[in-house]
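Have a look at the structure first, then read on.

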Amino acid sequence: VSQSRYCGGYSDAIKAKTQYPNATLILNVLDIPEHLPNLYDIIRQYKVDLRHADQITCISQTVKGQIKKYLDLDSHVIYNPSKDIKPLNLHKDIDVLMVGRVNDPNKRVHLAYDLWSQRDVNIHFVGSEYPGFGKYHGLVDDDTLNKLYSRSKYVFAFGKVEGIGLQIPEAILANSIPIALIDCPASCEFCPSEFLAEPKVDSIIDTIRWCERNPVAVQTILSKFAEKYKHQFDKNTIAQNIIETCNL
């Protein structure tokens, strides 16, 4: 199994296939970055690489649709594992957490900045880039990340083009509320509809206010989706899905 051409895995896996011709070569697609200017160069390379695969897998129905649209290839959805996040029942002293490379324009951190600059909002960031405002933690270990998720009331997932946006299931598994944007197909796939907002500050505030006015409904939604994602992203479930889907 090779995870993505971006981490060099495809070339290594294709080379290994020549050494072990009876092995099943599974190439997994994380996403097709529709927002990048060199999209069609990337697609051409995907076409070269994926022709070697015995099975093509991907991480969401959104990416499955991208593969069909841009490559006219069929693929199997195998959900990638999230971090081992669990609820820790910590005091919710962080208003908002954002995780990842937030300075990527695709992540639309400017919406969080607008909210932070207009209102008294306590925003924390985890990842390889400091956005220039809020509390920045840098890169953290998994235990610290779990604690930060569990301390957060809301987790903003503002990416416009995502393969999956793991912050959404991870937030839910930590009993925090993900706020995602409705123009991102992957967010619509993984985020409860009640927690989706338009990509503008007023709509984000309206969504947060709805959550604050309806705590019982929010907890019911979080519990329902936590059970779903606890099974869906379990590593044993993922391994079994690979075995069954690819007839290993």
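Let's start with Lys230, which is partly exposed because its relative accessibility is 48% (buried is under 20% relative accessible area, exposed over 50%, partly exposed in between, with a 1.4 Å probe and protein chains only). Its side chain meets that of Glu227 in a salt bridge, 3.1 Å from N to O. Lys230 and Glu227 are three residues apart in helix α9, so about one helical turn separates them. An α-helix has 3.6 residues a turn, so residues three or four places apart point the same way.

A word on the ground rules: this is a predicted model, so local features need pLDDT of at least 70 and side-chain atom pairs count only at pLDDT 80 or more, while totals for chains, interfaces and linings use all residues. Residues are numbered from 1 along each chain as its sequence is written, and side-chain values use heavy atoms, with hydrogens and water left out. Helices (H or I, at least four residues) and strands (E, at least two) are DSSP runs numbered from the N terminus.

A salt bridge here is a side-chain nitrogen of Lys or Arg within 4 Å of a carboxyl oxygen of Asp or Glu, and the count by this rule is twelve. Two more of them:

| Pair | N to O distance |
|---|---|
| Lys68 and Asp74 | 3.2 Å |
| Asp95 and Lys153 | 3.3 Å |

Asp95 sits in strand β4 (residues 94-99) and Lys153 in strand β7, so this pair ties together parts 58 residues apart in sequence. Lys153 counts as partly exposed because it has 35% relative accessibility. As for the other pair, Lys68 is partly exposed at 40%, whereas Asp74 is exposed at 60%. Salt bridges with shared partners join Lys68, Asp72 and Asp74 into one network.

Now for the inside. Leaving aside neighbours within four places in sequence, Phe156 is in contact (heavy atoms within 4.5 Å) with residues including Val96, Met98, Leu115, Ile204 and Ile208.
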